[in-house]
Protein chains: 2
Amino acid sequence: MLPRLTTTPAATTVFTMVLTQGPVSRVEIAKRTGLSSAAVTKAARPFIEKGYLQELEATERTAPGAGRPASPLAIRPDREFFIGVKITDDELIGVVTDLRAQPLVSSHRPLATTEVDSVVAELAELVAGLLATDPSYGERCHALGLAVSGDVDKAHGLVRYSPFLGWRQVPLARLAAAATGLTVTVENDVKALTVAEQWFGDGVGASSFALVTVGMGIGCGLVANGRVVAGAHGVAGEIGHIPVGGDEPECHCGGRGCVEAIAGTAPLVAAVRAAGAAGEEPTFETALAAAHAGDPAVRAVFARAGHAIGLAMAAMANLFGPERIIVTGDVPGLAAYDLFEEQINRSFTAQAFGAAADCRLLLRPRTFEQWARGAAAVAIQTLFTL
Amino acid sequence: MLPRLTTTPAATTVFTMVLTQGPVSRVEIAKRTGLSSAAVTKAARPFIEKGYLQELEATERTAPGAGRPASPLAIRPDREFFIGVKITDDELIGVVTDLRAQPLVSSHRPLATTEVDSVVAELAELVAGLLATDPSYGERCHALGLAVSGDVDKAHGLVRYSPFLGWRQVPLARLAAAATGLTVTVENDVKALTVAEQWFGDGVGASSFALVTVGMGIGCGLVANGRVVAGAHGVAGEIGHIPVGGDEPECHCGGRGCVEAIAGTAPLVAAVRAAGAAGEEPTFETALAAAHAGDPAVRAVFARAGHAIGLAMAAMANLFGPERIIVTGDVPGLAAYDLFEEQINRSFTAQAFGAAADCRLLLRPRTFEQWARGAAAVAIQTLFTL
DNA sequence: ATTCAATTCTTGACGAAGTTAATTACTGAT
DNA sequence: ATCAGTAATTAACTTCGTCAAGAATTGAAT
């Protein structure tokens, strides 16, 4: 267990500002937070003493002017390391990150089964392997973040229900802590990625934004008033089940017209097959290739999917009014994104209500390692938030 | 100007808990908030001294037991009064409320024009009339809340854009303050109603909930993590422009398939007309009568509208995961609600994703005075929140 | 009746956190 | 060199809330 450094509100504020807003002078921190500069000095001191923060050298200082030059506070990223692991149904993806949640090494480990004990055992080995890659990791890594799809109770480290893994009420934090000796946080995978964007990515500085993930399914993480929207019953961000398709396609969720039933990987391939394109037994890869080769029937299917995604994003923006929308995807979705993009933009703009269309759309490809990074970001945020 | 009593976090917490959670003992407040009971005693004292809070008499106390009986703190609702006014394009609706935002008197005033100066002048007369109804109002009323549809900048008391009123960049708080001598807050009407539910209605105790208003249009207010979702570009809660209707109906917003283009009052009447039902030139009233009389064509139109509303509510719930959904409406919507209700419930349940269907649906008819009450609630919340 | 245990509320000393105001530190310009 | 301007630090003070002890008020046991 790492002793908690952020004991007071001011300490939390100051440290997270330096962590997320890059090097900042004390006066600047005081201005932005409303604290007195004296308070900033005091709050920063313990972090400097313990090596989490440092003052930048004179050479690294910014624009000069009249008066004493500022000595901006900067994070020491290698003061502490974190491990983030994304757990899928057939693989563990793990990364070691620094304090800024920057991935340093990554490692994959296939899963033969999703049986809990077996996954935890594999996880322990993955973690041990990652820690062994550098001696400093063993010394200065105390926290592990896990990202799992489904309904996660972060406060209790409990996976309430994960359909993909077939887990119910699994006390994953406790099990993983016992197996690895680290402090463990568990979070829903989309929310974890959202936290990574909020603190270390394109959500920095926005009090509200949305993250839309396009891939096998379509997911969404929301931040409002600076906090992740949790969802009262374990459900939130299910943008994939907004019914924009009319009565037509039936969805695995029992609903009709869901975005995911149009633009999810499986329905998309099915639509290509129904169109008789991309070969005898089309797969996502052959469909992709056919679309890139210019097959109009296949391209129409992708355009329809993009339309559905754009409408759902507009619905979300109309309801929620985010400052920005970050669009990202896992590996398959990522490869197809160029096929969606134009139609997403067009349909979003057409359906966004009034000023909601002013919302900035940011396209950000993210690899699977980024999901693991999200898990690490949650561990970091948990450690440094009161 | 009323001097601010809630200067410290503890004072705010204690007072708002008594205000919103009814009579509570100090120990109970301490338990729920995590404060020490000593802190509660200290925080409560100034409110008692100034007459905002009182200790309940022995006779009013709750269940006895061993030990010193609790003396619960209760609000003194008549210590301070508030005026709330809802501004529509053809009418001002005003109420005087007590500290609990309970309406005591109401008054309407027709508007010949929506020209700003004229509206402000009418407003001043309305307020003067309301204050004259009881001498204590004049003594103990210092704040006025205004509710306006459209994009409102509450922090600056500015109506950025209100399509219904044809207003742009109107510094309404300043103008109304000058005309009435009261401290004025301005808020979007749906958000105001949401605040009323959050503090004094069916949102009490919920850290997240949604309010859906069915009427001429369909609106929505959202509360997440205990705070109203504002929307970055002045847009939020536009549930009426979620495209659940496919490509079919074109909406006045420029989009297609919007809920409001199906279930709004005008499109609904148009659909009845297209069906050739409810008389030569059907109005909302004749359509309503025909539906209540059992005309199947008209009932089908209402069912279709209910379906659209239910789907939009499910989309919202899937995305947002509210603990509860409060469904309400203005006068016309209210009269028709029984025709929507069954279909709303059915379509919501069908489309809600997994546990999102567990969300409690509360049907709460609200009169126009309730909207005015919402404005008063915002004034109250603003006064007693740090 | 009296004592005791239980629970609520109050009080005053203390401690932690942050503010203000004065001081020191450092720079470029006159 | 002096000076004006900005940054950071320091020390005294304020404020808020905790803690621990005690006062208040009841029901139950002796």
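In which helix is the place of A289(B)?

1. A289(B) sits in helix α10 (residues 284-293) of chain B, where helices (H or I, at least four residues) and strands (E, at least two) are DSSP runs numbered from the N terminus. A289(B) counts as partly exposed because 15 other C-beta atoms lie within 10 Å; a residue is buried with 20 or more other C-beta atoms within 10 Å of its own, exposed with 12 or fewer, and partly exposed in between, the C-beta atoms being placed from the backbone. Its C-alpha atom is separated by 9.6 Å from that of A336(B), 47 residues apart along the chain.

2. On conventions, this is a predicted model in which local features need pLDDT of at least 70 and side-chain atom pairs count only at pLDDT 80 or more, while totals for chains, interfaces and linings use all residues. Residues are numbered from 1 along each chain as its sequence is written, and chains are lettered from A and ligands numbered from 1 in the order in which they are written.

3. Chain A can be laid on chain B with an RMSD of 0.1 Å by a turn of 180° and a shift of 0.0 Å along the axis, with the superposition done by least squares on the C-alpha atoms of residues with pLDDT of at least 70 in both copies. That is the relation of a two-fold axis. The same surface serves both copies, since 100% of the contact residues of chain A recur in chain B.

4. The contact between the chains takes 40 residues from chain A and 40 residues from chain B, two residues being in contact if their C-beta atoms, placed from the backbone, lie within 7 Å. On the chain A side, the elements that give two or more residues are β12 (218-224), α11 (296-320) and α12 (331-351) of chain A, and α11(A) gives the most, with six residues. That side divides into 22 nonpolar, 14 polar and four charged residues, where Ala, Val, Leu, Ile, Met, Phe, Trp, Tyr, Cys and Pro count as nonpolar, Asp, Glu, Lys and Arg as charged, and the others, Gly among them, as polar.

5. DNA strand C is surrounded by 27 residues, of which the closest are A10(A), R68(A), A38(B), G67(B) and R68(B); a residue is near a strand if its C-beta atom, placed from the backbone, lies within 6 Å of it. Two or more residues of this surface come from each of α1 (9-20) and α3 (37-49) of chain A, together with α2 (26-33) and α3 (37-49) of chain B.

6. Around DNA strand D there are 26 residues, and G67(A), R68(A), A10(B), A38(B) and A39(B) come nearest. By class, the surface near DNA strand D has 14 nonpolar, nine polar and three charged residues.

7. In chain A, five strands form an open sheet of mixed pairing in the order β5-β4-β3-β6-β10, two strands being paired if DSSP finds at least two bridges between them. Its edge strands are β5 (103-110) and β10 (183-188) of chain A, each pairing on one side only. Strand β4 (residues 91-97) of chain A pairs with β5(A) in the antiparallel sense over seven bridges, and L92(A) has R109(A) in β5(A) as its bridge partner.

8. Helix α13 (residues 368-383) of chain A lies across β3 (81-87), β4, β5, β6 and β10 of chain A, running at about 130° to β3(A); axes are lines fitted to C-alpha atoms, for helices over the stretch in contact, and angles run from 0 to 180 degrees between N-to-C directions.
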